[in-house]
Number of protein chains: 2
Amino acid sequence: MRQSKMFIPTLRDVPADAEIKSHQLLLRAGYIRQVASGVYTYLPLARNVLHKIETIIREEMEAIGSMELLMPALQPAELWQESGRWYSYGPELMRLKDRHERDFALGPTHEEVITSLIRGEIKSYKRLPLSLYQIQTKFRDEKRPRFGLLRGREFVMKDAYSFHADQESLDETYNDMYRAYSNIFSRCKLDFRAVLADSGAIGGKDTQEFMVLSEIGEDTIAYSDASDYAANIEMAEVKTVYTKPDKPEKPLEKIPTPGQKTIAQIVDFLKADPVQCLKTLVLKADDEYVIVLVRGDHEVNEIKVKNLLGAETIEMADPEIIKTLMGADIGSLGPVGAPENIRILADNAVQYVVNGICGANENDYHYINANPGRDYRVDLYGDLRNIQEGDPSPDGKGTIRFARGIEVGHIFKLGTKYSEAMHAAFLDENGREQVILMGCYGIGVSRTLMAVCEQHNDDKGLVWPVNLAPFEVHLVPVNMKDEKQAGLTEKLYTELQKQFTVLMDDRNERPGVKFADSDLIGLPTRVTVGKKASEGIVEIKVRKTGEVLEVKQEDLSGTIANILAKLA
Amino acid sequence: MRQSKMFIPTLRDVPADAEIKSHQLLLRAGYIRQVASGVYTYLPLARNVLHKIETIIREEMEAIGSMELLMPALQPAELWQESGRWYSYGPELMRLKDRHERDFALGPTHEEVITSLIRGEIKSYKRLPLSLYQIQTKFRDEKRPRFGLLRGREFVMKDAYSFHADQESLDETYNDMYRAYSNIFSRCKLDFRAVLADSGAIGGKDTQEFMVLSEIGEDTIAYSDASDYAANIEMAEVKTVYTKPDKPEKPLEKIPTPGQKTIAQIVDFLKADPVQCLKTLVLKADDEYVIVLVRGDHEVNEIKVKNLLGAETIEMADPEIIKTLMGADIGSLGPVGAPENIRILADNAVQYVVNGICGANENDYHYINANPGRDYRVDLYGDLRNIQEGDPSPDGKGTIRFARGIEVGHIFKLGTKYSEAMHAAFLDENGREQVILMGCYGIGVSRTLMAVCEQHNDDKGLVWPVNLAPFEVHLVPVNMKDEKQAGLTEKLYTELQKQFTVLMDDRNERPGVKFADSDLIGLPTRVTVGKKASEGIVEIKVRKTGEVLEVKQEDLSGTIANILAKLA
C-alpha cells in the first residue's frame, strides 16, 4: 500500500486527554480518533489489526465447533423485561424508543436475544449441545469512559453462548473455551493470566477472567509465584494455616481509649501489634444484621461473607442502625457483650488471636485480653478475608503476589439463570421437560487491540507482533526525488509484495518525519532505501530490537523472511 | 461441518408474515429469524454468506484504492445539527439520550462523522484524493419495515466516502466506484442495471442506483430494450420528438360539462382522445404558484418541474388556494384566461396539441379547440412529464420498457453539500483555501444477500451461486445407522474437505426430511450416500439443474470440481 493513499494522520504531540501509553500511541500513530466520549473511529491501520484479531478468534472458535451468527444491536425491551435485567441493569443500558414509542435496548450483551432464539427452535436433547458466537458491536453507557478503547461506550466484542442438556456437557464446552481463549491471547502475544473470578457454589470453577497483566489494569489479581494459580483478590481462597501463640490468657480488662477509633490509632495508643487487634464490622446480609470479625491486619471480604451465609445481597449497615443495635459508634465496636440476637461471624484467623484488643461497644472504651469462647461468642468461623501478598498460594504451590490486570476475556457457566427466567426447555431422552443449561463467553476485541498496544510499545511508538501488524514491512525511501532511490524503491515494492504485506512511504516528507512516523506506526521491519541505492544496498531495521543490517537487494526478501520468522 | 453441530432450524410451512419468496425461503431454510419488526438475527448459514459478500466487496474496494475503516453507530447530535440533518431527517433517524442527557443519533449513514474526521486531519491538497469505506451496521426507523432484509430497521451496509481537490478527481473516483460496483454485483450473480437517479444540473451523471431487476422491487425503472440505458422513471429524460397534426385550428368554444372532472370522464363525455386533452395542475414551487400543463395521456413529473424552475421544494397547491387563485375547483382548471400573475409551464408535448380540450376555470365548463399562443399563454416549455413504455430511449437506442427493481447500491457525487456546511477545507497548490469535494457510495450488504435469494431460487428452495453458497457440497447419507453408508460417508467427508467446503448431514432423520432440507438450504451440489455405498458408488445431484449422476467414489472429487467450475 502506498502511504500517500492511506489515511494515517500522525501527531507529534501527546494528546492531552490520553492518560495511558497505548491510548496516546494509538492517537499519535493515527490508528484511532475519538468521535464522542468513549466512542471511537478505527482508522485504516486499526481496522486492519482488528481484522487480524477477529480472524484469530474465528479460527479458534471454529476449532472448538462454535458456529458464527450475527444478532442485532437493537433489542426489544420485552426480552429484557422477561429476564428482569431491564429493571436491574441501571443507566449503563442504553435505551431508546422507536417511532411507535416502543422501548428498545442497545445490546451490551445478548443472553436475552439468544435465549429467546433458542427456546423457539431447540426442543429436543438431540439438538444439544450447541455453541454459537458472534463478533459484533456492543453498547454500554459507562459513567466515566476512559483509557481509550479500554473502557468505551461502543466497542467490538466476541460473545459466545452454549446450550446443554447436562452439566458434563457444559463443563466440556467451558473447558474447550478455556483452551480456545488461552490460544487466542497467546496468539495475540499477550502476557495474561486466567483468573478465578468467583468462589461460588460449584468449586470456584464457574467463571474465569482472562487478565492481561498491566500496571494500568483496573483489577487486582492475586497470583502464585510458583504455579499458574491466579484469582481476583476478592475471590482468592485463603488457605493459611494459623498457629495459636503459646502464651497464657490474661484477664479481660476494659480501658479508656478516648478518641481512638481506627486500628492504626489503637495500635499507636496501646503500643500493640495489629495482629493482636480485632476489626469489628456490622453488615446487612439480605434482611439480617451480622457482626463480622477479622484480624486487625486483614480486610474483610464481603463476597465471602455473603457466600458463607448463602445470602443474595450484602452491604455495610447504616451507622445510625449500628448505634441502635450495638450501643456504640463504629470504631468502638466489639464482640464482647454484643447483643445475643445478632450472629457473630469470624474469619479463621480470629480463633488464633490470644488476648485480643476490641471495642467495648461503648464509645471511647476498648477491651484488652479478649479471648474467643471465654469472653465472646463466635457463631460461625470461615474464610472471610481478602488474600494478601505473602500468603501461601491456595493451590499449595508458592506464595501469593499481587499484580494489576486488564480483563480481556471472561468465561462463565450461567447454568439456568436465563433459561429458567425465559423458559428455554427441552425434552430429554425420557420425554421429560428440562431446563437448558447455558454458558457464556466474552472477549473484548477492541480492548484486546488496546491491551496488545499497552504491552508492545517503547518510547518511540508501537511495536506490533508480526502476526497482528497492519503490514509486515515499512519500505521507506529517504528521498523520493532522487531517481536512483525512487527507482529502487518502486522495484523493491513490487518485489516485496509477492511475499509480504508492505507499506511504502511515497510521501514527499523529510527523512526525519518519515522515520519518526515509521517508529510510531510500529511495523516489525523497516527497509530504508538511501544513498547506497545506487549500489543496490538497503538497510533493514528491526523495530523491536533496533538492530540494523545492510543487505544487498537480492538478499532482501530472504533476510526479512528470516527476521519475521524469528520475531514470530 | 457436521449438520448436527450447526444451527439450521428449517421450517416445513411458509411463515404467514413473509410476503416474498426470498423472505419465506430464508426463514424456512433456517438462515434468518426476526427479533423485532425489521430487526433480524443472521443464523450461521446467513452469516457465512454475508462474509462471502463482504469479502467480494472488500476485494473490489481495495482494487480501486479505497481504505477500510470503522466508524461508530453512536453519533453525537452536534454533528447532525451542523449538517442540518438533525432537523430534516425526520422520524427515520433513531435518536437517544445518554446518561448525561446528551443527544445521539444511531447512524443511518456517516457523512457527518467522516466529514468531521477529515476536516480535522486533511489540510492540504497533498493529502487528496482520499477514499475510505466501512462495512458496518446501520439503523433507520422505517415506518413500515417489510420484505425481511429488504427494508429493515437494522441492516449491514458498505458505505464509502471520497474526498477531492477538484471535479476531475471526483469524476475519476466516481467512475472507479461504478466499475467496482458493477464487478461486485456481477460477482454476486445478480441481474442488475445501473440506473440514472437524478436529472440534476451536471448532466444527469451525478448519481446512479444499482437496481436488481425483480417483480417485488419498490422502484420502477425505465430501461432501453436495445442499450444499457436505465433510469428511475421519474428521472428519465423524455426525448420524444413530437409532430404537429396537420389539421386546421377551429374556433375556441366553451361548453357545459356537468360533473365531468377527470380526463377519463371528459374523454368519455366528449368522445375525445386523451392526447387531445390538457391536464392542468397548480403547484407551489418554493413560494411561487405555477400552472403546469401536460397532455391528457401523460403524467406530470414534479421533480422535472422543480429542476426547470431551479426551485428547492415543490408540492401540490392547497385546493382552497387553487379555488381562490383560479376561480374554479380542480377538474375544471385550464390555461385559457388564467390569472396573468401566475406563470404557465407546459410539457413539450402541449405545443403540438391542436384544438385541445381544457377546463374553463369555471366549475362544470370546459373549452374545446384551445390552441397555444392563440388562446392561451405558455411562459415556459420543457420536459415535464414521466417517461412511458414505448417512448424512444433517451440515448437514441431502442425503445423504453419498464421493470421493477431492488436498489442494492448507490453512487453519488455529493460535491460540497457536507464539506461546506461543516467547513471541511484544504489549501490548494497556491495556498488558497478551497472546500473539499466529496462523493459517497453505498451498498446494502444484507439487502444484497436477500436480492441474491430473490433471483436464485425455485419451488423447492434456495439455489446458491457457487461462490456465495455457505458450503459447496451437501453430503447426505440416506441412513447413518447403516454401517456401510456411515463408513463411506465419514471417509468421503474427510476426503472432500481437502478440496471443498462440505456440510455433512449426520442427523438421524428420515431420508425425505434430509432431502427436503437439502433442497431448501440450496447448496450447489448434493452427494447422496445410499444403497450402493457397498459398491463404492454414490449419487451427485446438481441443485440448479436437478441433474443426477452416479459416480464411483474415486471419481467423486474430480466430478464435483467439474460441476462447480461449470456452474461458476
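Modeller: The second largest pocket holds about 1200 Å³ of space. This is a predicted model, so read every value below as computed from predicted coordinates. The lining counts 38 residues, and those closest to the pocket centre are Tyr89(A), Arg140(A), Met157(A), Glu407(A) and His410(A). By class, the lining splits into 17 nonpolar, 8 polar and 13 charged residues.

Which element gives the most to this lining? Strand S21 of chain A does, with 8 residues. S21 spans 400–415. Several other elements of chain A also give two or more residues to the lining: strand S8 (154–164), helix H10 (417–421), strand S24 (437–444) and helix H11 (445–455).

Now the contact between the chains. Chain A brings 54 residues to the contact, and chain B brings 55. The two chains bury about 5000 Å² between them. Carbon and sulfur atoms give 65% of that area. On the side of chain A, Phe7(A), Leu70(A) and Arg99(A) lose the most area to chain B. Together these three make up 15% of what that side buries.

Next, the polar side of the interface. There are 18 residue pairs in polar contact across the interface of chain A and chain B, with both residues at pLDDT 80 or more. Helix H2 of chain A (residues 44–63) gives the largest share of the side that touches chain B, namely 5 residues. By class, that side of chain A has 33 nonpolar, 3 polar and 18 charged residues.

How many salt bridges link chain A and chain B? The count is 8. Over all chains, the count comes to 87. One salt bridge joins Arg47(B) and Glu68(A), at 3.8 Å from N to O. This pair crosses between chains: Arg47(B) sits in helix H2 of chain B (residues 44–63), and Glu68(A) sits in strand S3 of chain A (residues 67–68). The N–O cut-off is 4 Å, so this pair at 3.8 Å counts. Another salt bridge pairs Glu121(A) with Arg33(B). There the closest N and O atoms are 2.5 Å apart.

Last, the backbone. Most residues other than glycine have a negative phi, and most peptide bonds are trans. Some sites here depart from that pattern. In chain A, the peptide bond from Leu128(A) to Pro129(A) is cis, with omega near -5°. Pro129(A) falls in the loop between helix H5 (111–121) and strand S7 (130–139) of chain A. In chain B, the bond from Leu128(B) to Pro129(B) is cis too, with omega near 0°. Pro129(B) lies in the loop between helix H5 (111–121) and strand S7 (130–139) of chain B. Asn361(A) has a positive phi, near 60°, and is not a glycine. Its place is the loop between strand S18 (356–359) and strand S19 (365–370) of chain A.

Key
Residues numbered from 1 in each chain as written. Chains lettered and ligands numbered in written order. Predicted model: local features only at pLDDT ≥ 70, side-chain atom pairs only at ≥ 80, totals over all residues. Heavy atoms only, no water. Contact = heavy atoms within 4.5 Å. Buried area = accessible area lost by both parts, 1.4 Å probe. Salt bridge = Lys/Arg side-chain N within 4 Å of Asp/Glu carboxyl O. Polar contact = N/O pair within 3.5 Å; in protein donor to acceptor, adjacent residues only side chain to side chain. Helix = DSSP H or I, 4+ residues; strand = E, 2+ residues; numbered from the N terminus. Nonpolar A, V, L, I, M, F, W, Y, C, P; charged D, E, K, R; others polar. 1 Å grid on protein atoms, 1.4 Å probe; cavity = no way out; pocket = protein on both sides within 12 Å on 5 of 7 lines; lining within 4 Å. Points joined across faces, edges and corners; volume = space filled by probe spheres on them.
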